[in-house]
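Could you walk me through this structure in my viewer, one selection at a time? I'd like to know what to click on next and what I will find there.

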Amino acid sequence: MVSSALWQQCVARLESELSEQQLNTWIRPLHAVEEEGVLRLLAPNRFVLDWVKDHFFQRIGQVVTETAGHDDVRVSLEVGSGRKTASSPRAPERPDAGATRSAEATREAADPRPAASSPQFTNNLNPNFTFVNFVEGKSNQLARAASLQVASNVGKAYNPLFLYGGTGLGKTHLMHAIGNAMLDQNPAAKVVYLHSERFVADMIKALQHNSIDEFKRYYRSVDALLIDDIQFFAGKERSQEEFFHTFNALLESQQQVILTCDRYPREVDGLEDRLKSRFGWGLTVAIEPAELETRVAILHRKAEESGVELPNEVAFFVAKRIRSNIRELEGALRRVIANAHFTGRPITLDFAKEALHDLLALQDKLVTIDNIQKTVAEYYKIRVSDLHSTRRSRSITRPRQVAMALAKELTSHSLPEIGKAFGGRDHTTVIHACRKVEELRESDARINEDFVNLLRTLTS
Ligand SMILES: Nc1ncnc2c1ncn2[C@@H]1O[C@H](COP(=O)(O)OP(=O)(O)OP(=O)(O)O)[C@@H](O)[C@H]1O
């Protein structure tokens with residue numbers, strides 16, 4: 001809440017000195033009004049006022065003088081809101097008393113949320129990431145179900161909830177969906193979302209400014225702490241230490257912790273073992289690359305949200321060609337919609353092919369059958385020539401089938417072309433391989449893991 005131009009400049013200066021959490025908790029909630037040589041800072045409540053007065057007021061005075069370029073501006077601090085000021089332009093005699101109660105009452109009457117949800121906790125949640133617009137599929141079913149459980153049983157169902165998986169697969173979306181659901185149920189809930197890099201940066205700032213206790217208090221006072229991409233903690237020992245204690249404190253008092261990571265926690269190098277083991281205390285669930293049907297459903301949903309009708313064949317075409325990452329899928333759809341908008345042409349299959357021409361050409365260059373064969377051979381520690389050969393031992397046939405299934409999934413080659421590239425085999429062999437792999441992925445977790453790992457390697 002910033003209104004005066006002078007105050008905006010002051011806040012910009014303070015941004016380089018204070019942590020994001022200090023700014024969000026104490027500085028940004030202040031509403032500023034300039035009146036006849038007085039910069040009136042209105043705090044949303046007494047609590048914020050007292051804290052700002054004790055901790056920042058002196059510095060604010062200096063910054064205002066430096067920014068204004070003279071010391072003719074007096075700074076006052078009082079409880080109030082911008083709305084109150086508009087109908088009552090006169091500054092109270094005693095800045096931090098007087099109109100206090102009526103200003104508070106105005107705020108409360110206009111704001112249906114309980115006072116506890118005042119801007120001290122800026123949750124950073126993206127309101128567009130909800131359960132309603134999260135499309136369910138086999139690849140994310142478990143993660144979604146666990147997230148729903150956590151949302152309806154905060155701190156008690158699974159704590160921590162640890163979501164992991166490749167980039168752009170919906171981890172952040174689900175995490176925000178939980179936060180948004182918590183706020184729907186209880187608007188006063190203190191839900192804080194942040195990227196792990198932000199946590200590290202804030203901690204460093206807090207250490208530099210001797211405010212580490214305040215930092216600790218802040219993070220330990222939330223109802224739910226949502227930290228994204230915790231792989232960035234790797235190698236940052238001091239941050240891990242701090243996070244470890246915060247994490248324990250939250251868990252002990254049943255405050256919810258939700259974490260995401262681009263891989264399974266134990267696979268993150270440079271992360272302390274005690275953290276890795278703690279992460280496993282709750283529930284660790286993977287989000288896998290979405291299968292074709294889910295990608296198609298996501299495209300339809302996103303098109304609908306943009307008010308665009310997407311022909312089914314276009315949805316299938318885009319979903320078949322862009323497989324690894326929902327963010328890229330969305331990007332492709334956006335491009336098709338924007339092109340249609342600018343040219344005024346209807347979205348047909350030919351139009352989509354044209355709009356995505358360069359993007360798809362680039363992708364074709366990246367995933368070739370050759371490339372798949374090399375990657376698969378390396379993964380299973382066999383030779384590429386084994387994939388072409390007639391050898392029928394299990395240690396060779398399985399990788400060969402997996403490689404064929406990947407070629408079918410990841411390239412636009414026809415079945416006969418794929419068969420030919422595997423030592424001149426028939427297209428029925430490719431069909432059989434694809435069916436077999438599909439079956440095995442259902443029944444054998446290791447094969448499924450191999451397939452997903454290979455898919456990720458080839459498409460990231
Ligand atoms: N199942 C889904 N339904 C609807 N939208 C989805 C789904 N999965 C992903 N998305 C969308 O894809 C985009 C990328 O998702 P998100 O940011 O959650 O990915 P992520 O897994 O957190 O990736 P990163 O590791 O790169 O941060 C978002 O716009 C999100 O809304």
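Here is a short tour, going from the whole chain to two residues.

**Whole chain.** Begin with everything shown as a cartoon, and keep in mind that this is a predicted model. The protein chain holds 23 helices and 8 strands. Now colour by burial: of its 460 residues, 37% are buried.

**The annotated site.** We will stop at two of them.

**Gly168.** Zoom to the loop between β4 (161-164) and α8 (171-185), where Gly168 sits. Is Gly168 buried or partly exposed? Gly168 counts as partly exposed because 18 other C-beta atoms lie within 10 Å, while a buried residue needs 20 or more.

**Lys171.** Move on to helix α8, which contains Lys171. How many other C-beta atoms lie within 10 Å of Lys171? There are 27, so Lys171 is classed as buried. To see its contacts, show Leu163, Gly165, Thr260 and Ile287; Lys171 is in contact with each of these, with neighbours within four places in sequence set aside.

**Last view.** Finish with both residues on screen: Gly168 is partly exposed, whereas Lys171 is buried.

Methods
Residues numbered from 1 in each chain as written. Predicted model: local features only at pLDDT ≥ 70, side-chain atom pairs only at ≥ 80, totals over all residues. Helix = DSSP H or I, 4+ residues; strand = E, 2+ residues; numbered from the N terminus. Buried ≥ 20, exposed ≤ 12 C-beta atoms within 10 Å, placed from the backbone. Contact = placed C-beta atoms within 7 Å.
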